Protein chains: 2
Amino acid sequence: MARLAGSSKLLRAMNESATMALLIDRGTLTRGELRELTGLSKPTTSDVLRTLTEAGLAVVVGHTSGGPGPNAEVYAVNPAAATVLAISVRDVSETLHAPFEAALCDLGGAVLARAAYPSDPADGDPVGTVRAIAADLCARAGRDRVTHLQLGVPGSYDPGTGTIRHIDVTGWGRPGLVTELAAALDLTVDADNDVNLAAIAERHRGAAAGSGSFALLWLGAGLGCAIDLGTSLLRGATGGAGEIGYVPLGLAAPGQPRDLQSLAGGPAVAALGAAHGFTGATAEEMVADAARADSDAAAAFLGALADRIAVVLAVVAALVDPPLVVLAGEVAQAGGARLRDLVTEAFHRNTPLRTPVEVTALTDDAVLLGAMDSGLRSVRESLVDSLNARPIPAR
Amino acid sequence: MARLAGSSKLLRAMNESATMALLIDRGTLTRGELRELTGLSKPTTSDVLRTLTEAGLAVVVGHTSGGPGPNAEVYAVNPAAATVLAISVRDVSETLHAPFEAALCDLGGAVLARAAYPSDPADGDPVGTVRAIAADLCARAGRDRVTHLQLGVPGSYDPGTGTIRHIDVTGWGRPGLVTELAAALDLTVDADNDVNLAAIAERHRGAAAGSGSFALLWLGAGLGCAIDLGTSLLRGATGGAGEIGYVPLGLAAPGQPRDLQSLAGGPAVAALGAAHGFTGATAEEMVADAARADSDAAAAFLGALADRIAVVLAVVAALVDPPLVVLAGEVAQAGGARLRDLVTEAFHRNTPLRTPVEVTALTDDAVLLGAMDSGLRSVRESLVDSLNARPIPAR
DNA sequence: ACAATAGTAAATCTACTTTCCTATTACGAG
DNA sequence: CTCGTAATAGGAAAGTAGATTTACTATTGT
């Protein structure tokens, strides 16, 4: 219930914030369009834009033409006002990918430079690693400073202590690492779970683009779930929300799968594939082989897999009731639309729930894309908020 | 990212809103305290309070004394500025309670009148029923008008169509009923699921009072779950969030409990009690008997019940990771602290999760209390917001 | 009597709006 | 093809709303 109170200064701050937020949301706008959208008068709009331009936050990017009268100036956010570094940190024991994939983008969202780092540049020292990656990408992009760093990690992040937890990459579990990085590199840093970031990417440019909220079901070596509430992700008290692998399957009974991880996790899928005669090295390969094949064995394998995934789906649908569930992760990607249809069929056969199901629409590295999206959002928000004033204390 | 923009008028509106919100949150405040909290100057604070008082929203409730100088006037929200009617609608086939329990309270939260209605005053016509209840309570309280009606229903509410769904009370499932009530009685109406309202009461005056967020596990005839996210409840795309009874227990297998409802729902608990030699008429009675008893059978029954509840708990804890889970509903209430301890023990024994568990601290009708809390919140928010101006359009 | 505090009044300041003016462009008539 | 006209962008001047600072009066306790 806390509301802002203040004087004329606050009003100006709010009008600058509103203008900046509109420029960020809509890309390019003329003075007249801004006047329309903010409801402010012509002189005020001009004055606000002058201030923003002088502060280096907005720039004139062109002029209109065609109509009668002078050509209106077209304004946009100054892309050079901030630089975001996104780094996806991976546990290489589980994948064939490079341990670090990173990208640099400007405030407008344009990717300035991107690279994978097959070996750790500083060999186990996260601060050195990030410093080296930042230096390399800045050199390639011709930038001199990074404003914000967004990390994507296979683990959970505790913002209270600035510590990344449950991570199996040397040095990265060190207590207070994120705080340390912020201090050592003089920038703001945020970290997030890789599945959460994949969900953010899916919302910004994937299958969930139009959806108000949705849940992402990650089917890979591990089982994960991200719950997008529309405005933010459900993170949980200890950053453990979505750890769906721990969901038990009833009372403990010998011989039965104990939890969802043992029902639909990577090893379980691989075992199921092997039982159906598939010989790939990983669950992903077996599913990909089966999805391409036209044999009875393939149909049986995918059908059995779909039955299991439908169970996971039902747990999420019953508890959260999202308007959409997106299947992502290596296994889902390998199974594609064929697997999706089988899962939907099994879901409808076994439950009264009717939550729509999609597969990921992303082919690129979803975690890195999500880290870029998330980092951009942070920077943009802090930029807009920094124009605004202190709120009155709540409670 | 949408921000407000505007002129001096907006500023005044904001300052009035902020002042009103503080009065609502803190109860009573002097001009000086408001000045401190809002950061506004003395003349502005005076002016805002004059406006609020003239509008009938604030009143002087007393004077300070003791210090030197004149006695400062103490302001508070005018309790007569709004009247909230809360009605809990029940499915009598499942309980021994009256079908309607209702209370009238003022803007300050004081209960003006309260009554249970053992028979339906208008016999199956919701509009007539509500009208009769409102008239009766208004007469007792000496009020002439109700501002807002908050319904608590055993079912889910779809705000889009104003329809209550999955409700087994004659007439109450009629499409558009809530909209119809608002029009017929000339007031604002909101409805919510009974378990959700119990969670709201638990947050305001129960076991979750200090917690930022929490989950409420409802153990009664049905199984339910409310997920409090701190600022709001998780409702889901179709109002079906928390329908935890549908959570499947693995692949369909004959002879096994199929879902959580058949594992820990009322009938399953009653069957478990009967198997342990308990003879109560309902699950609630059996659990209450066992909780009071010191026999081996009681210990075995409660232990087996706790094992089952721990499974439900694990599902919620793994997916949502709340900082606290409150056990509520007839069965949990009957089991009390003894059951809670057994559940915690079983939970720790079978999962790596460590979510704290409590039992409900409410003895009164949680749904009615929650309906009052929720209705009050609505009225207060709309009151504060009505002082404020139109937001600029997003996207 | 005096010090401290509550509340009001007057003067000032900030930022927004309305109104008016000038400059620029497209278009069509001559 | 040229020039006048209508339409529009942007800015300047005047006016207004609301907040602040400062000064003053009234009230209460020591």
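**Two chains and a DNA strand**

In this predicted model, the surface near DNA strand D receives at least two residues each from α2 (31-38) and α3 (42-54) of chain A and from α1 (8-26) and α3 (42-54) of chain B, where helices are DSSP runs of H or I with at least four residues, numbered from the N terminus. Residues are numbered from 1 along each chain as its sequence is written, while chains are lettered from A and ligands numbered from 1 in the order in which they are written. Local features need pLDDT of at least 70 and side-chain atom pairs count only at pLDDT 80 or more, whereas totals for chains, interfaces and linings use all residues.

Around DNA strand D there are 31 residues, the closest being Ser7(A), Arg31(A), Gly69(A), Ser8(B) and Ser41(B); a residue is near a strand if its C-beta atom, placed from the backbone, lies within 6 Å of it. The largest share of this surface, 5 residues, is supplied by α1(B).

The two protein chains also meet each other, with 56 residues of chain A in contact with 56 residues of chain B, contact being taken as C-beta atoms, placed from the backbone, within 7 Å. On the side of chain A that touches chain B, two or more residues are given by each of α1 (8-26), α2 and α10 (296-320) of chain A.

Chain A can be superposed on chain B by a rotation of 180° with 0.0 Å of shift along its axis, at an RMSD of 0.1 Å, using least squares on the C-alpha atoms of residues with pLDDT of at least 70 in both. The two copies are therefore related as by a two-fold rotation axis. Both copies use the same surface, since 100% of the contact residues of chain A recur in chain B.
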